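Visitor: I have a structure to look at and would like to understand the words used for it. Please take me through them one by one.

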Amino acid sequence: ERLCAAGAVILDIEIPEIAQANHALITIVQSEASLIHESLLPQNPEGYAPLTRAQIEAGRAVPAIEYVRAMRQCAVIGSALEAVFATVDVLASPTVPFVAPESDPQMEDGDGELLSCGVANVTGHPAISLHAGVSEGLPVGLQLIGRHGHDAGLLAAAAAIEATLGSAPRPPL
């Protein structure tokens, strides 16, 4: 409401292709993490959090063809996202679609942590999260995504939005 009062035009945008972003990201992250940790994990398996270790190990079982499909899907998602910027200056969404959990959530497809931030991760679009208030005593983030190569424009929009929202109350540290 404060952004609209300041002159922002808010549109609901549907980008069907982003439904595949989380699956692509999980496939890529698990595969690449298993390679990165290939020599480290056997040296100190107890040094990894159980969910992290399980996801790294799961990456070893991802077929190469699935990895290649995921990389191709990233390009499709990126093109669809970029096309939206013919209509809007920035995309806004919750940084994560839930109140911060007490423990690290499992990386999964669907409604999890990746729902919002996975899109920019697979497309390479610049993104930023702004503090937008408090819910249940915990911070709420507003994610902004900008056009490829327009990082400065995204940062300018973020600064304007942050100024408009003002100094939202922050939870104690």
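## Reading the labels

Guide: This model is predicted. On its surface, Val9, Leu11 and Ile13 make up a nonpolar patch, and together they have about 280 Å² of accessible area.

Visitor: What makes Ile13 partly exposed?

Guide: Its relative accessible area is 33%. Buried means under 20% and exposed means over 50%, with partly exposed in between, so Ile13, at 33%, is partly exposed. Ile13 is located in the loop between helix H1 (2-5) and H2.

Visitor: How many helices and strands does the chain have, and what pattern do they follow?

Guide: There are seven helices and three strands. Along the sequence the pattern reads α-α-α-α-α-β-α-β-β-α. The chain has 173 residues, of which 32% count as buried. The chain exposes about 10600 Å², and 57% of this comes from carbon and sulfur atoms.

Visitor: What is in the largest nonpolar core?

Guide: It has 18 residues, and those with the most contacts inside it are Ile15, Leu81, Phe85, Leu91, Val122 and Ile145. Helix H2 (21-36), helix H5 (64-84) and helix H6 (114-123) are the elements that give two or more residues to this core. H5 gives the most, six residues.

Visitor: Why is such a set called a nonpolar core?

Guide: The name calls for buried residues of the kinds Ala, Val, Leu, Ile, Met, Phe, Trp, Tyr and Cys, joined through side-chain atoms within 4.5 Å.

Visitor: Which residues does Leu81 touch?

Guide: Leaving out residues up to four places away in sequence, Leu81 touches Ile15, Leu91, Val119, Thr123, His125 and Ile145. A second, separate core has eight residues, including Leu3, Leu142, Leu144 and Leu165.

Visitor: How do you know that H2 is close to its expected span?

Guide: H2 has 16 residues and reaches 22 Å from its first C-alpha to its last. The expected span is 1.5 Å times one less than the number of residues, and for H2 that expectation is 22 Å. The buried residues of H2 include Ala21, Leu25, Ile28 and Ser34.

Visitor: What makes Ser34 count as buried?

Guide: Its relative accessible area is 10%. The cut-off for buried is under 20%, so Ser34, at 10%, is buried. Ser34 lies in helix H2. Setting aside neighbours within four places in sequence, Ser34 is in contact with Ile56, Gly59 and Arg60. Ser34 and Val62 are 28 residues apart in sequence, with their C-alpha atoms 9.7 Å apart.

Visitor: Why is the pair Glu66 and Arg69 called a salt bridge?

Guide: The closest N and O atoms of the pair are 2.6 Å apart. A salt bridge needs a side-chain nitrogen of Lys or Arg within 4 Å of a carboxyl oxygen of Asp or Glu, and Glu66 and Arg69 form one. They are three residues apart in helix H5, so about one helical turn separates them. Glu66 has 27% relative accessibility, so it counts as partly exposed. Arg69 is partly exposed too, at 48%.

Visitor: How many salt bridges does the whole structure have?

Guide: The search finds two. Glu82 forms a salt bridge with Arg147, with the closest N and O atoms 3.6 Å apart.

Visitor: What does the pair Glu82 and Arg147 tie together?

Guide: Glu82 lies in helix H5, and Arg147 in the loop between strand E3 (138-145) and helix H7 (151-165), so the pair ties together parts that are 65 residues apart in sequence. Glu82 is partly exposed at 21% relative accessibility, and Arg147 is partly exposed at 28%.

Visitor: What is the phi of Glu136?

Guide: Phi of Glu136 is near 55 degrees, which is a positive value in a residue other than glycine. Most residues other than glycine have a negative phi. Glu136 is in the loop between strand E2 (127-135) and E3.

Terms used
Residues numbered from 1 in each chain as written. Predicted model: local features only at pLDDT ≥ 70, side-chain atom pairs only at ≥ 80, totals over all residues. Heavy atoms only, no water. Buried < 20%, exposed > 50% of the residue type's maximum accessible area, 1.4 Å probe, protein only. Helix = DSSP H or I, 4+ residues; strand = E, 2+ residues; numbered from the N terminus. Contact = heavy atoms within 4.5 Å. Areas by Shrake-Rupley, 256 points an atom, 1.4 Å probe, with all protein chains shown as cover. Patch = residues over 30% accessible without salt bridge, like charges linked within 9 Å, V, L, I, M, F, W, Y side chains within 5 Å.
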